[in-house]
Amino acid sequence: MSSTAEDGLRILVCVKRVPAPGARIALTADRNDIDTRNLGFTTSPHEECAVEEAIRLVEHHGGSSTVMTVGPPEADEQLRYALSVGAGGAVLVTTEGTDPDAQATAKVLVAAIEALEADGGPFDLILFGNESADAGGFQVGIRTARALGRPVVNGIKAIEVAEGRVVARRESPEGYEVYRLDLPAVLGVKEGLNLPRYPTLPGRLRSKKADVPRQPALVVAGGLATLDFRLPSEQVTETTVLGDGPDAAAAVADLLQELGLL
């Protein structure tokens with residue numbers, strides 16, 4: 001039963017702490033993990049759009065938005081960023097050591113979501129990023145939805161909610177695929193769904209003072225195993241300055257002839 005008509009929307013966004021895009025990635029000696037000692041961290045871009053969409057939906061329909069992550073204690077930083085741009089609450093489910101695999105992560109999320117829903121009622125919408133920026137497994141949101149017994153669609157680029165249903169649109173080569181799902185539902189959204197806002201100074205101050213509950217995760221291995229990571233070979237490009245002004249004319253002519261353009 002949707003709460004949209006009376007109380008507004010109750011939305012949960014699941015995010016992940018990932019290395020900042022564009023960073024130079026190094027591997028541990030055994031090639032089983034990323035060496036994070038010199039890396040900055042952020043939220044996956046798809047999930048930043050999921051947070052923004054939750055805030056917009058609550059602004060339009062009323063209700064509440066909560067952001068949750070399964071990760072190390074340092075992931076508190078990403079949750080507070082979400083609070084600084086307008087999310088209403090945050091929950092950190094802490095893990096120790098390496099990230100659990102997709103199956104294990106989904107199990108942890110399901111347990112945490114069920115605990116939150118036992119206290120506050122079901123979430124009308126649970127939003128995930130289409131895939132995380134580091135692992136890119138496309139699994140956690142679908143596994144979570146399946147375990148909760150809720151409909152799920154990935155690759156979403158537009159969301160509308162009305163009369164206890166969500167209309168979600170996904171791009172295809174022919175245009176858009178349109179899905180109409182009864183609430184509660186789960187959606188995996190893609191970057192480009194919206195343009196995430198930046199935090200304001202008052203938002204940052206509020207986020208620093210906000211209470212972010214922490215609960216330890218009971219991680220049970222899911223059954224997936226990482227063999228190793230492999231870095232692609234680097235492609236090196238070189239730039240040659242042919243000359244300056246009229247002095248470069250001969251070199252340009254030689255290059256055009258070499259390329260078969262003369």
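Q: Before we start, what counts as a helix or a strand here?
A: Both are DSSP runs, numbered from the N terminus: a helix (H or I) needs at least four residues, and a strand (E) at least two. This is a predicted model, in which local features need pLDDT of at least 70 and side-chain atom pairs count only at pLDDT 80 or more, while totals for chains, interfaces and linings use all residues. Residues are numbered from 1 along each chain as its sequence is written, and side-chain values use heavy atoms, with hydrogens and water left out.

Q: OK, where is Lys157 found?
A: Lys157 belongs to strand E9, which covers residues 152-162.

Q: And is Lys157 buried or exposed?
A: Lys157 counts as buried because its relative accessibility is 18%, where buried means under 20% relative accessible area, exposed over 50% and partly exposed in between, with a 1.4 Å probe and protein chains only.

Q: Which residues is Lys157 in contact with?
A: Leaving aside neighbours within four places in sequence, Lys157 is in contact (heavy atoms within 4.5 Å) with Arg169, Glu171, Tyr176, Lys190, Glu191, Gly192 and Leu193.

Q: Which strands do bridges join to E9?
A: Strand E10 (residues 165-172) runs antiparallel to E9 and is joined to E9 by 6 bridges, whereas strand E12 (residues 185-189) runs parallel to E9, with 3 bridges; two strands pair if DSSP finds at least two bridges between them. In E10, Val166 is the bridge partner of Val161 and Ala168 stands opposite Ile159, while Ile156 stands opposite Val189 in E12.

Q: What's in the turn between E9 and E10?
A: E9 and E10 form a hairpin with 2 residues between them, and Glu163 in that turn has a positive phi of about 55 degrees.

Q: In what order do the strands form the sheet?
A: The open sheet has 9 strands in the order E11-E10-E9-E12-E8-E1-E6-E7-E13, with mixed pairing. Strands E11 (175-182) and E13 (214-216) stand at the edges, each with a single partner strand, so one side of each is left without a neighbour in the sheet.

Q: Switching to helices, how do H4 and H5 cross?
A: The axes of H4 (residues 102-120) and H5 (residues 140-148) come within 9 Å and cross at roughly 45 degrees; axes are lines fitted to C-alpha atoms, for helices over the stretch in contact, and angles run from 0 to 180 degrees between N-to-C directions. The two helices are therefore oblique to each other, given that angles under 35 degrees count as roughly parallel, over 145 as roughly antiparallel, 65 to 115 as roughly perpendicular and the rest as oblique.
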